[in-house]
Amino acid sequence: MNRFDRITAILIQLQSKKVVRAQDLADRFDISLRTVYRDIRTLEEAGVPLYGEAGVGYSIVDGYKLPPVMFTREEAMAFLTAEKLMEKFTDTSLQNNFSSAMYKVKAVLRGTEKDLVENLEDQIIVKQQKRHNNPPGNILDTLLKAIAEKKVVKMEYRAFGNEENSIRLLEPIGIFHEHENWYTIGYCHLRDSYRQFRIDRVVEIKLTDQDQEERTSLKEYQEMTEQTKTTLTLQKAVLRIDKSTALYLQGRRHYYGYVSEVVHKDYVDMTFLSQSLDEGLARWFMMFADHAEVLEPQSLKDRVSFILEKISKKMQS
């Protein structure tokens, strides 16, 4: 990136947040703090009303606005791709909000970029397996509002395996997408502790006027969770898998503690560190057990044998 483009990008970033730290700018553009300070001085000399506070960061005086931004072809394509993902992986309310924002983005595109977006619109398809029970269309939107405004939500939730719904007052601290599902983490008043909820199991949700208490952030919660995991005992396991089969395990093996592998002529030896050998790794291994073997530990071999024997007896009866 040349200096002019970088200074323009810095100005846009300064407008995107209330306060921007010099170190954040240095990290984003891979430049030194000295270069950041020089670029900031250039913006000030150009008449941009900036003020900075030592140890805090830089801000633009309220009321100053940059003229309409022109997007590059690459940025326009990125927006279009994001729109396709939003259509499939978020709720109806967020989809509508993003579509509204996209009209504003398209409005400031140059003619050639508008043509590009229009030509690509039908050439990008995102496929997703449809679920039988679609959640209400405003769950993510309501959770994001609660997180931003630090409000409590009231939700009706059906946990896995339960036949009855429960009413929860929740102080959400964040959302995340994992294993093809959206989740939220928050302080649950019913359980008096932090809990994780799968969003497609939320039956109904409402934003309340009740303020959240000062609790941990999502980042702090994740750090505490990681520390807890490190204190748990991890068990080592080594699986020998036919090379033709190992190819199809790349996407799922990390969920079971995959660490490393050694590739041989006809097979691959994969090493795992798992907190759940008896259930998690053992049952996953059985999906391809006819093309693999357990090298260690003996306890994993015994567990797989026990499960197989139990299955065999059920089939015979």
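The expected span of a helix is 1.5 Å times one less than its number of residues. The model is predicted.

- The buried residues of α4 are Ala76, Leu80, Glu83 and Lys84.
- Viewed down the helix axis, these buried residues of α4 fall within an arc of 95°, so they line one face of the helix.
- An α-helix has 3.6 residues a turn, so residues three or four places apart point the same way.
- The packing partners of the buried α4 residues are α5 and α6.
- Helix α5 covers residues 92–107, which is 16 residues.
- From first to last C-alpha, α5 reaches 23 Å, close to the 22 Å expected at 1.5 Å a residue.
- Ser93, Leu94, Met102, Val105 and Lys106 are the buried residues of α5.
- These buried residues of α5 pack against α4 (73–89), α6 (111–120) and α7 (139–149).

**Nonpolar cores**

- The largest nonpolar core contains 20 residues.
- Within this core, Leu239, Ile241, Leu281, Phe288 and Leu300 have the most contacts.
- Two or more residues of this core come from each of β8 (235–242), β10 (267–274), α10 (277–285), β11 (292–296) and α11 (298–316).
- Helix α10 supplies the largest share of this core, with five residues.
- Beyond its neighbours within four places in sequence, Leu239 is in contact with Val268, Asp269, Met270, Phe272, Leu281, Trp284, Phe285, Phe288, Glu293, Val294 and Leu300.
- Another core, of 18 residues, lies apart from the largest one, and its members include Ile7, Ala9, Leu11 and Leu25.
- In soluble globular proteins, nonpolar side chains tend to be buried together.

**Salt bridges**

- The whole structure holds 14 salt bridges.
- One of them joins the side chains of Lys145 and Asp141, with an N to O distance of 3.3 Å.
- Lys145 and Asp141 are four residues apart in helix α7, so about one helical turn separates them.
- In this pair Asp141 is buried, at a relative accessible area of 10%, whereas Lys145 is partly exposed, at 40%.
- Arg253 and Glu261 form a salt bridge whose closest N and O atoms are 2.6 Å apart.
- Buried means under 20% relative accessible area, so Arg253, at 8%, counts as buried.
- Lys313 and Glu309 are joined by a salt bridge with the closest N and O atoms 3.7 Å apart.
- Both Lys313 and Glu309 belong to helix α11, where they are four residues apart, about one turn of the helix.
- Lys313 is exposed, with a relative accessible area of 53%, and Glu309 is partly exposed, at 44% relative accessibility.
- Salt bridges also link Arg3, Arg6 and Asp39 in a network.

Conventions: Residues are numbered from 1 along each chain as its sequence is written. This is a predicted model: local features need pLDDT of at least 70, side-chain atom pairs count only at pLDDT 80 or more; totals for chains, interfaces and linings use all residues. Side-chain values use heavy atoms; hydrogens and water are left out. Buried means under 20% relative accessible area, exposed over 50%, partly exposed in between (1.4 Å probe, protein chains only). Contact means heavy atoms within 4.5 Å. A nonpolar core is a set of buried Ala, Val, Leu, Ile, Met, Phe, Trp, Tyr and Cys residues joined through side-chain atoms within 4.5 Å. A salt bridge is a side-chain nitrogen of Lys or Arg within 4 Å of a carboxyl oxygen of Asp or Glu. The arc is that of the directions from the helix axis to the C-beta atoms.
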